[in-house]
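Open the model in your viewer and keep the selection tool ready. We will go from stop to stop, and at each one you select something and look.

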Amino acid sequence: MTSDHLSPGLADALAGGTVVLDGGMSNQLEAAGHDLSDELWSARLLAEEAEAVTEAHLAYFRAGADVAITASYQATFEGFAQRGTGREEAARLLALSVELARTAARRAAGAGVRRPLWVAASVGPYGAMRADGSEYRGRYGLSVAELERFHRPRVEVLAGAAPDVLALETVPDADEAAALLRAVRGLGVPAWLSYTVDGPRTRAGQPLEEAFAVAADSDEVIAVGVNCCAPEDVEAAVRIAARVTGKPVVVYPNSGETWDPRVRAWAGRTTFTAERVTAWRAAGARLIGGCCRVGPDTITSIGRALGRT
């Protein structure tokens, strides 16, 4: 089984050029006035304000994104259970996250967007469920087998909702990456694997050469790369990912601002520039977008930098 067989449209697009990803879901929802001060984060709106999620996706499609990443990053059976949501309803909400992005794509097409649009089902790390910042540390004290057992049920539900690709994202640890790759094996849906990094290492401290090598021989993986990191860390990571795996590279860093947990606010200035985008593409990046604090205006600027508009 090859990745081209799994997803010919997206795989062909990556072989032929650059695909633009969307930006941060949470900042777009907050800009629209929604309160995300909850352990479920944007996943809470799947149950309470689903239309807001569709509108956020639509804003990015209108801005020039080719791929919408679903609001399922923090959506897990365990996280929903802590709020009293049963497994059947949790599964419905996971599948709904994919349908909301599909709805946004249909609306975008109805409004005149004629390019191909894809949906990536977000699969966040184990630490995202804990809502304690541990997704930026890794090393949870769990084995690869235990992490696979955690991830597999929701990955199966998301795959059953027929996204174009599974986004295994913000992964802090090569061990968790191995567990995620085991969890997606045999589901018939391609995936990208994206680490959160600190310089040349994963957040758990592993060299990126070793971390990317985990995915080098996985047929399910159509791209590898980094997200939710500083823009300054991207270019070197792209070169390593391309060299180690030979696969297209996915990048969607934060704006460059930093989160101050004492005052619960972002500080500093953005370092996400058009010049960086063209350098990332030259280094091997083929899926380029943004993560935290990156909104529709920046996605439009990415498209311009890549000669899309």
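Two strands pair if DSSP finds at least two bridges between them. Keep that rule in mind for the sheet. This is a predicted model.

**Stop 1: confidence**

Colour the chain by pLDDT. The mean is 91, and 92% of the residues reach 70 or more. Now select residues 1-8. Here the pLDDT is below 50, and the stretch has 15 contacts in the model beyond near neighbours in sequence. Where pLDDT is low, the predicted coordinates should not be read in detail.

**Stop 2**

Select S1 and S12. These strands run parallel, joined by 2 bridges. Zoom in on Val20, which stands opposite Ile288 in S12. Which residue of S12 is the bridge partner of Val251? Ile288 is that partner.

**Stop 3**

S2 pairs with S3 (residues 118-123) in the parallel sense, over 3 bridges. Find Ala68: Val119 in S3 stands opposite.

**Stop 2: helices on the sheet**

**Stop 3: helix H10**

Select residues 174-184. Is this helix mostly covered or mostly uncovered? H10 is mostly covered, with 8 of its 11 residues buried. Among the buried ones are Glu176, Leu180, Leu181 and Val184.

Look at the start of H10. A side-chain oxygen of Asp173 comes within 2.8 Å of the backbone nitrogen of Asp175. Then go just past the other end. Gly186 has a positive phi of about 85 degrees.

**Stop 4: salt bridges**

Side chains of opposite charge can pair when their charged atoms come close. The model has 15 salt bridges.

- Asp175 is in H10, while Arg139 is in the loop between H8 (126-130) and H9 (144-160), so the pair ties together parts 36 residues apart in sequence. Asp175 is partly exposed, at 34% relative accessible area. Arg139 is partly exposed as well, at 48%.
- Select Arg152 and Glu156. Their side chains meet in a salt bridge, 2.8 Å from N to O. The two are 4 residues apart in H9, so about one helical turn separates them. Arg152 is partly exposed at 23%, and Glu156 is partly exposed at 39%.
- Select Arg106 and Glu99. Here the salt bridge is 2.6 Å from N to O. Glu99 is partly exposed, with a relative accessible area of 35%.
- Last, select Glu51, Glu55 and Arg107. A network of salt bridges links these residues.

Definitions and conventions:
Residues numbered from 1 in each chain as written. Predicted model: local features only at pLDDT ≥ 70, side-chain atom pairs only at ≥ 80, totals over all residues. Heavy atoms only, no water. pLDDT = per-residue confidence, 0-100. Contact = heavy atoms within 4.5 Å. Buried < 20%, exposed > 50% of the residue type's maximum accessible area, 1.4 Å probe, protein only. Polar contact = N/O pair within 3.5 Å; in protein donor to acceptor, adjacent residues only side chain to side chain. Salt bridge = Lys/Arg side-chain N within 4 Å of Asp/Glu carboxyl O.
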